[in-house]
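Student: Please take a close look at the ligand site in this structure. I would like one connected account of what surrounds the ligand and how that part relates to the strands.

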Amino acid sequence: MTSSVPKRIVILSGPSGSGKTTLVRRLVECAPVKLVKSVSATTRPPRPGEVDGDDYWFLSDEEFRRRLAKDEFIEHAEVFSSGFFYGTLWSELERAWGLDGWAFLEIDVQGAMKVVQQYPETVTIFLRTPSSAEFERRLRARGTESEEVIQRRLATAEKELQQAHRYRYVVVNDQLETAVSEICEILKAEEKARNA
Ligand code: 5GP
């Protein structure tokens, strides 16, 4: 990779149930800059309908550890104290940069802060729901998680929300299209600042 390739990264964080997945899909389709979604690696088993290499790289514990030992991750974290690991592979960033795009990471707060340490220019966006009651409603409406997992996610969301001030931008995901256009404006301004 030549040094002339701009290393642009945008991170979107927010509790699962904040509507991230749909938003990410919409942004990749219609953002005014080229966003290349980084496919994270995880040891969590796939949910129904999830596709390896598309939603995540689904790895065994052993494979995840092997890649960790080879320094293949820019960051990794155990998320929700679930025993499952998640991590961003350098190869995903390089793929995005090679396409002259922004590497678009949907990762948690711990991971976001590790990336920022290494790339302080990273554009960080925290996505929040209008209220914690609404967040709980969305989480339950998804109907894919057990009560225990829901409780753990609510606690994590509460903790994450307290970290929102560490992000450059906070966007409320009340109306999907409003949040999409708000983030599009942010990206347009950030791209312009980089090209100035
Ligand atoms: P889920 O299991 O619902 O797909 O994702 C759970 C959480 O893991 C989400 O909050 C998501 O942001 C986070 N996550 C996904 N990929 C990564 C990653 O590569 N690194 C880190 N640190 N967190 C991730």
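Tutor: What follows describes the ligand site and then the sheet beside the topic of its shell. The model is predicted, and the distances and areas below are computed from it.

The ligand sits in the largest pocket. Around the ligand there are 17 residues, and the closest are S40, R44, Y56, E75 and Y86. By class, the residues of this shell divide into seven charged, six nonpolar and four polar.

For R44, an N or O atom of the side chain is 2.6 Å from an oxygen atom of the ligand. For E75, a side-chain N or O atom is 2.7 Å from a nitrogen atom of the ligand. For D108, a polar side-chain atom also lies 2.7 Å from a nitrogen atom of the ligand. As for cover, the ligand taken alone exposes 510 Å², and the protein buries 96% of that.

Two elements give two or more residues to the shell around the ligand: strand 5, residues 73-78, and strand 6, residues 85-89. Strand 6 gives the most, with three residues.

Both strands belong to an open sheet of four strands, whose order is 4-3-6-5 and whose pairing is mixed. Strand 4 (57-58) and strand 5 stand at the edges of the sheet, each with a single partner strand, so one side of each is left without a neighbour in the sheet. Strand 3, residues 41-42, runs antiparallel to strand 6, and two bridges join them. In this pair, A41 stands opposite G87 of strand 6.

Definitions and conventions: Residues numbered from 1 in each chain as written. Predicted model: local features only at pLDDT ≥ 70, side-chain atom pairs only at ≥ 80, totals over all residues. Heavy atoms only, no water. Near = heavy atom within 4 Å. Polar contact = N/O pair within 3.5 Å; in protein donor to acceptor, adjacent residues only side chain to side chain. Areas by Shrake-Rupley, 256 points an atom, 1.4 Å probe, with all protein chains shown as cover. 1 Å grid on protein atoms, 1.4 Å probe; cavity = no way out; pocket = protein on both sides within 12 Å on 5 of 7 lines; lining within 4 Å. Sits in = over half its atoms within 2 Å of the grid points. Nonpolar A, V, L, I, M, F, W, Y, C, P; charged D, E, K, R; others polar. Pairing = 2+ DSSP bridges.
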